[in-house]
Amino acid sequence: MKAAVLSGIENLEIKDVDRPACNSGEVLIRLEACAICKTDTKMFHTGHRDLKLPRILGHELAGTIIEVGKGVHKFKEGERVQVAPGLPCGSCPFCIGGVPNMCDNMSIIGFHHDGGFAEHVLVPANGVQNGCINKIPDSLPFEEASLAEPLACCINAQELCQIKPGDVVVIIGAGPIGHLHLQLAPIFGASEVMLIENSPERIAFSKKAAVDCLIDSTKVDPVEAVKERTDGIGADVVIPACSAPEVPVQGIEMLKKRGRIVFFSGLPHGYKNISIDHNLIHYNELQIFGAYGCTSEQNRKAVKTLAMRKIAVEYLITHHVSLDELIKGFELVDSHKAMEVVVTSF
Ligand SMILES: [Zn+2]
Ligand SMILES: [Zn+2]
């Protein structure tokens with residue numbers, strides 16, 4: 001089968017590799033859509049903590065089942081599915097405790113196992129057993145279903161920071177993830193959502209998408225702008241949806257007393273520490289959450305939310321590329337000229 005194999009930093013080749021054998025308990029899927037995540041381009045340029053090379057990347061995927069291994073009764077050939085890429089072990093204290101995305105033995109499709117930038121992808125037996133394959137209705141196009149995974153990561157973050165009815169939520173970063181958070185927050189009950197951005201391309205895109213409250217942080221101080229719009233009180237919840245290291249610091253400064261911030265994005269390669277005001281957290285009883293990845297249950301919720309058309313993703317898919325054009329797709333994702341770029345022909 002044709003596959004994009006990453007063998008080293010910035011060493012990616014489209015080549016012919018053996019189609020994975022579908023053994024007992026496993027499910028083989030023919031790819032129909034695989035979205036390019038910012039994490040894919042990060043792995044391409046600088047590697048990743050969880051990446052084992054050589055690897056076929058791609059973890060935001062949807063396709064058709066073409067083979068099921070012995071003992072698999074829940075699925076059959078021809079079914080349209082989305083895959084939650086994080087495969088939990090199902091038996092460590094975190095899996096048993098209901099937070100499988102924190103599994104001690106987690107392995108991830110596109111990181112530890114070959115992923116979706118190929119004609120076929122194999123879902124290992126622990127993924128099949130632990131609910132990582134979600135059937136999708138005929139009404140949901142594959143390319144939209146491929147965005148269930150990033151939406152599931154947003155659901156994870158918003159569940160963690162407990163958005164409640166009436167909350168004012170600020171999203172920093174108007175990329176595709178920012179736009180998913182923007183649409184998701186009102187479902188959790190947010191009464192007002194503000195979107196902060198500094199890139200001219202993304203500001204223009206967001207204006208075209210008729211975002212209600214868009215703050216251009218090249219023109220105004222974002223902390224003051226949020227304070228001003230909240231009568232000096234600040235935001236209930238801030239979600240940084242970009243990796244700029246100054247953003248979490250600003251986010252903390254724009255919180256209301258008892259406000260919550262969720263560190264959704266990792267910092268860029270080479271950055272580790274940020275400087276935050278300890279006393280601001282102490283006196284104002286601020287709460288800081290971390291969020292990484294998502295559970296298979298959150299993927300199921302994301303698929304349902306997309307299928308019910310509660311969140312629009314069609315307008316976010318600005319580019320389609322073929323597998324042969326994957327590098328071009330990575331460049332588009334890095335450039336801010338694109339929002340979501342989805343590989344749709346393999
Ligand atoms: Zn991703
Ligand atoms: Zn586990």
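Me: Which strand does Gln82 lie in?

Reply: This is a predicted model in which residues are numbered from 1 along each chain as its sequence is written, with chains lettered from A and ligands numbered from 1 in the order in which they are written. Local features need pLDDT of at least 70 and side-chain atom pairs count only at pLDDT 80 or more, whereas totals for chains, interfaces and linings use all residues; side-chain values use heavy atoms, leaving out hydrogens and water. Helices (H or I, at least four residues) and strands (E, at least two) are DSSP runs, numbered from the N terminus. Gln82 belongs to the run of residues 80–83, which is strand E6.

Me: Is Gln82 buried or exposed?

Reply: Buried means under 20% relative accessible area, exposed over 50%, and partly exposed in between (1.4 Å probe, protein chains only). Gln82 has a relative accessible area of 1%, so it is buried.

Me: Which protein residues are donors of the zinc ion (ligand 1)?

Reply: Donors are N, O and S atoms within 2.8 Å of the metal (3.2 Å for Na, K and Ca), and sites may look incomplete because water is not among the atoms. For this zinc ion the spacing along the chain is C-x21-H-E. The protein donors lie 2.1 to 2.5 Å from the ion, and they are Cys37 (SG), His59 (NE2) and Glu60 (OE).

Me: How many residues apart in sequence are the parts tied together by Cys37 and Glu60?

Reply: Cys37 is buried at 14%, and Glu60 is buried at 2%. Cys37 sits in the loop between strand E3 and helix H1, and Glu60 in strand E5, so the pair ties together parts whose separation in residues is 23.

Me: What arrangement do the four donor atoms take around the zinc ion (ligand 2)?

Reply: Cys89, Cys92, Cys95 and Cys103 each give SG, at 2.3 to 2.4 Å. Four donors count as tetrahedral if all angles lie between 85 and 135 degrees. The angles here are 102 to 116 degrees, so the arrangement is tetrahedral.

Me: Which residue forms a stacked aromatic pair with Phe205?

Reply: Rings of Phe, Tyr and Trp (its six-membered ring) pair if their centres lie within 6.5 Å; planes under 30 degrees apart count as stacked, over 60 as edge-to-face and the rest as tilted. The structure holds three such pairs, among them the edge-to-face Phe117 and Phe330, at 6.2 Å and 65 degrees. Phe205 has its partner at 6.0 Å centre to centre with 10 degrees between the planes, and that partner is Tyr315.

Me: Which ring does Arg80 lie over?

Reply: A charge sits over a ring if NZ of Lys or CZ of Arg is within 6 Å of the ring centre and within 35 degrees of the ring normal. Arg80 lies 4.2 Å from the ring centre, over the face of Phe142.

Terms used. Four donors count as tetrahedral if all angles lie between 85 and 135 degrees; four count as square planar and six as octahedral if opposite donors are over 155 degrees apart and all others between 65 and 115; anything else is irregular.
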